[in-house]
Amino acid sequence: MKNTIHNSLAGFVYDDLMSRHMLRQDHPMQPIRLHYLKELLDAYKVFDSKNGVLVKPREATETELLEFHDSNYVDAVKSLSSGETLEGFSRFNFDNFGDNPTYPGMYDSAVLSTGGSLTAVELITNEQMGLAFNPSGGLHHAFPSYTSGFCIFNDPVIAINKLVKLGLKVLYVDVDAHHGDGVQSAFYNTDQVTTVSFHESGEFLFPGTGSSDEIGTDSGRGYSINVPLGPYTGDDVYLWAFEECLLPVVEKVSPDILVSQVGIDTYYSDPLTHLNLTTNGYANLLQHFKGFNLPWVCLGGGGYDLLGVAKCWAIAYSVMIKESLSDIVPEPFASKYSVDSLYDNKELELVTQTEDRCRSFAEKSVLAIHNNVLPLFKKNR
Ligand SMILES: [Zn+2]
């Protein structure tokens with residue numbers, strides 16, 4: 001499979017069921033954002049284009065969940081999902097008034113979201129598609145025995161493990177505003193999976209981890225890479241750090257396949273975080289991924305400005321299918337949601353002091369990678 005794209009088809013894994021559940025009415029994670037995304041892609045008629053393919057997800061099986069999650073946790077999710085009251089459910093980190101509420105049907109929506117990522121893997125490994133995008137996946141905070149950060153089952157880990165079992169060397173790149181802690185922890189001591197996370201520093205944002213000195217242990221030493229960024233980091237500084245760290249890693253690791261988590265809570269108007277990417281900076285990240293010319297499993301992630309998510313992931317999919325979408329948003333989406341323009345047509349202006357602070361924060365992170373991580377690859381290989 002190495003460096004071979006079998007064909008240029010790009011699967012888009014979607015079922016409207018993925019957008020219908022609600023964690024809680026006032027919860028920031030609103031799955032309806034996926035429905036908006038699909039409506040926007042339909043307005044642009046992307047599934048009539050030669051590379052766009054709409055694919056229904058399958059559900060993950062319980063056996064697949066148990067490859068990463070503990071059985072008492074999976075059982076608890078099942079019981080809570082069917083409305084049973086469960087004594088001590090807070091030991092699985094559920095909290096009805098906090099980040100991780102229980103809700104009816106949550107097991108079914110979680111197995112569909114995880115199954116969507118497995119469908120994406122299968123489109124590449126069995127159907128020979130060049131890439132596949134599951135926007136409902138990317139739930140990178142879930143741990144084996146507990147929920148965390150709006151994530152119940154860790155679909156990136158379960159999907160990556162399928163690829164590892166095929167003997168593939170995996171590069172996982174996480175550009176969500178939050179550190180990809182659950183995925184990093186699953187592969188912290190192996191060199192089979194390289195994890196790279198670009199995120200707003202844990203000094204300022206959940207989950208608090210992801211400093212540049214978290215580099216892996218044992219044979220995984222050097223294969224966990226973290227690039228924390230300061231609040232208000234915008235396109236230019238972000239892209240500089242992204243290129244400085246990721247390009248040498250891709251060259252040194254020479255992966256067989258790319259798995260990306262493309263959370264768009266880095267967007268400037270996201271209500272939960274403080275990064276400042278525009279559609280233009282985000283599109284640039286996606287173009288880099290596409291340019292690696294690797295088989296590519298693309299997973300969603302965070303994103304809490306709901307129409308911002310629809311716009312950015314529509315742009316992401318347009319990069320995957322090599323079609324450019326016009327800036328004028330087509331009807332009926334434009335009128336229904338009062339969105340005229342797909343791209344952000346302005347640079348975000350920051351006071352110079354903030355920009356300088358962002359730049360020096362990023363420089364420190366990049367220097368740490370260059371000094372402490374990249375030399376390890378030379379020694380190991
Ligand atoms: Zn996030």
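Helices α7 and α8 are roughly parallel to each other, because their packing angle is about 15 degrees and angles under 35 degrees count as roughly parallel. The model described here is predicted.

**The α7–α8 pair**
- The axes of α7 and α8 lie 9 Å apart.
- The crossing of α7 past α8 is right-handed.
- On the α7 side, the residues that meet α8 are D235, Y238, L239 and F242. Their partners in α8 are N280, G281, N284 and L285.

**Helix α8**
- Helix α8 covers residues 279-291, which makes 13 residues.
- At 1.5 Å a residue, α8 should span 18 Å, and this agrees with its end C-alpha atoms, which are 18 Å apart.
- Buried residues in α8 are T279, G281, Y282, L285, L286, F289 and K290.
- An α-helix has 3.6 residues a turn, so residues three or four places apart point the same way.
- Just after α8 comes N293, with a positive phi of about 60 degrees.

**The sheet**
- Eight strands form an open sheet with parallel pairing, in the order β2-β1-β3-β8-β7-β4-β5-β6.
- At the edges are β2 (52-55) and β6 (224-229), each of which pairs on one side only.
- On average, neighbouring strands of this sheet are turned by 15 degrees against each other, direction ignored.
- Strand β1 (residues 10-13) runs parallel to β2 and is joined to it by four bridges.
- Opposite A10 stands G52 in β2.

Terms used
Residues are numbered from 1 along each chain as its sequence is written. This is a predicted model: local features need pLDDT of at least 70, side-chain atom pairs count only at pLDDT 80 or more; totals for chains, interfaces and linings use all residues. Helices (H or I, at least four residues) and strands (E, at least two) are DSSP runs, numbered from the N terminus. The expected span of a helix is 1.5 Å times one less than its number of residues. A residue is buried if 20 or more other C-beta atoms lie within 10 Å of its own, exposed if 12 or fewer, and partly exposed in between; C-beta atoms are placed from the backbone. Two strands pair if DSSP finds at least two bridges between them. Axes are lines fitted to C-alpha atoms, for helices over the stretch in contact, and angles run from 0 to 180 degrees between N-to-C directions. Angles under 35 degrees count as roughly parallel, over 145 as roughly antiparallel, 65 to 115 as roughly perpendicular and the rest as oblique. A crossing is left-handed if the near helix is turned anticlockwise from the far one by less than a right angle, and right-handed if clockwise. Two residues are in contact if their C-beta atoms, placed from the backbone, lie within 7 Å.
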